[in-house]
Amino acid sequence: MAGSCTLPLSYKIQNSFVPSLCISKASPAFPMRTSTQFPSRFLTHACFKSKSTTLSVSAAGTSFTWDDVLRISQPESLPDDPSDISGFFQKVKICNRGSEKQSEFLPFVIEDEIVGYLHNGFAQHLKRFKDVFFFPRDDSYGGRIGAHVTLHPMLGKPEDRTGAVGDVVKCLGEELIPGIRNELYPVKSSFGSRVFFSLERAAAPYFGIKAYGVQMNGYIERNGQKLLWIGKRSQGKATYPGMLDQLVAGGLPHGIACGENLVKECEEEAGIPRSIANEAIPVGAVSYMDIDGYRYKRDVLFCYDLKLPESFRPENQDGEVDSFKLIPARHVANVIRRTQFFKPNCSLVIIDFLFRHGYMKPEHFGYLDLLQSLRSGDCS
C-alpha cells in the first residue's frame, strides 16, 4: 500500500458531547439533508434552575446518580411548565449540529453513487494512499471544493474494497480514528440498496456514510400509566460512559436484518429471551445529521416498542450497562427536558415514543415543528 503510516496529525479529535447548539438551513450542494425550521423561541439554549441550583451534567457524562435522576424527574422538583417543549428542541439540536460546515466536505462516490462525505482535512490524510483513493477534479456530484473522492478502479469487488480501506483505517490508527471496534458497517447509498463494501464502524462518521441502528423502548403498564425501563451505561464504555440509555439499542452491522439484530441486542443488553423479544413492534424511525470536526454522522435509527411483563427484570449480559431503573414515562420526559443525562440520540427515540403514546399534545406550542425535527437527517 502506498504511503507511510507515520503521518503527523495536524488535527485534534474533539470528543466532548456538550455541543454548540445551532442549526441552519441545508445547503443546495447537499440536497439529502432535510432542513427543519425551529420557532425562534427554541433557538437559544435552555438553562433550568431551581432556587440557586443549575442542572447540568459534566462533559464526561458521569457526574450523576440514579438518585439525581429520580429527584429531577419528579414534576414538583422544578417550577417549569410541562407544556413547554423547548427542552425537547434542545435535545434535537444537540444531534443536528454543523450544517453550516457542509461545504468543507467532499462527496465520496462509488460507481456513480454518493455513499458518503469526507472532510477536506481528513481527505488530505487519504491522498497518501494512491492505490486506494482517487480525487477527480470535477464538481458533478455537488461538492463545493470542485472535487470528489472515489476508490481505485482496480478495487472492483466489495471484498477488495473492504480489505483495502480497512488497511488504510488501521494505518491511520486510533489517534485519528479512535474507538476501533473491528465491527463492520455496510457502505451503501440508502437502506436496502446494494452494498459496495464494508467499513470499520468507528470510521463510519469520518467517511460520512449512512449508518443505521435499532433502538427499543421497553415498557410496562401499571394502573393505567406507562413506565419505561431505562439503562445507565457502563463507566467502561468508550462513548458516553455513565449516561442514560434505551433499554436496548445497537448499531446495525453488515449482514444482519433489523429484527434479528434487535433480538440479539435484547439478549446481550437486557437478558430478554427471544420468545419475548420477538414481540417487539417496529414503529418507525428517527434520523439526524451531525457534523463535528472531521466527523459527519448521517444516522437513521429504527424504533421499536416492546410491552414487557410486569414481572420482568432486565439483566445485562455483555458488561455494557451498569444498571436499570423503571421510571414513569412522564418522569422520563422531565429528565429529557431538564437535563443532558441521556445519550443524545436516545432522547430522539424517547421523544418519538412520547408523541406516539399521547404524552405530546397538539396544543403544545411547536408540536408539529418538534414532530418534524425528529427526522432532520436523510431518512433513506
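1. Two strands count as paired if DSSP finds at least two bridges between them. In this predicted model, strand 13 (residues 281-292) and strand 14 (residues 295-307) pair in the antiparallel sense, over 11 bridges. The two strands form a hairpin with two residues between them. Gly 293, in the turn, has a positive phi of about 65°. Asp 290 stands opposite Lys 297 of strand 14.

2. On confidence, the chain has a mean pLDDT of 86, with 83% of its residues at 70 or more. Over residues 6-61 pLDDT stays under 50, although the model has 130 contacts beyond four places in sequence for this stretch. Where pLDDT is low, the predicted coordinates should not be read in detail.

3. The count of aromatic pairs comes to 14. Phe 64 and Phe 341 are stacked, because their ring centres are 4.0 Å apart and their planes lie at 10°. This pair links distant parts of the chain, 277 residues apart: Phe 64 is in the loop between strand 2 and helix 1, Phe 341 in the loop between helix 8 and helix 9. Both Phe 64 and Phe 341 are buried. Lys 232 lies over the face of Phe 64, at 4.6 Å from the ring centre.

4. Phe 105 and Tyr 296 have ring centres 5.0 Å apart and planes at 75°, so this pair is edge-to-face. Phe 105 belongs to strand 3 and Tyr 296 to strand 14, 191 residues apart. Phe 105 is buried at 0% relative accessibility; Tyr 296 is buried at 2%.

5. Ring pairs also link Phe 108, Phe 122, Phe 133, Phe 197, Tyr 206, Phe 207 and Tyr 294 into a cluster. The charged end of Lys 127 sits over the ring of Phe 135, 5.3 Å from its centre.

Conventions. Residues numbered from 1 in each chain as written. Predicted model: local features only at pLDDT ≥ 70, side-chain atom pairs only at ≥ 80, totals over all residues. Heavy atoms only, no water. Helix = DSSP H or I, 4+ residues; strand = E, 2+ residues; numbered from the N terminus. pLDDT = per-residue confidence, 0-100. Contact = heavy atoms within 4.5 Å. Phe/Tyr/Trp six-rings, centres within 6.5 Å; stacked < 30°, edge-to-face > 60°. Buried < 20%, exposed > 50% of the residue type's maximum accessible area, 1.4 Å probe, protein only. Lys NZ or Arg CZ within 6 Å of the ring centre and 35° of its normal.
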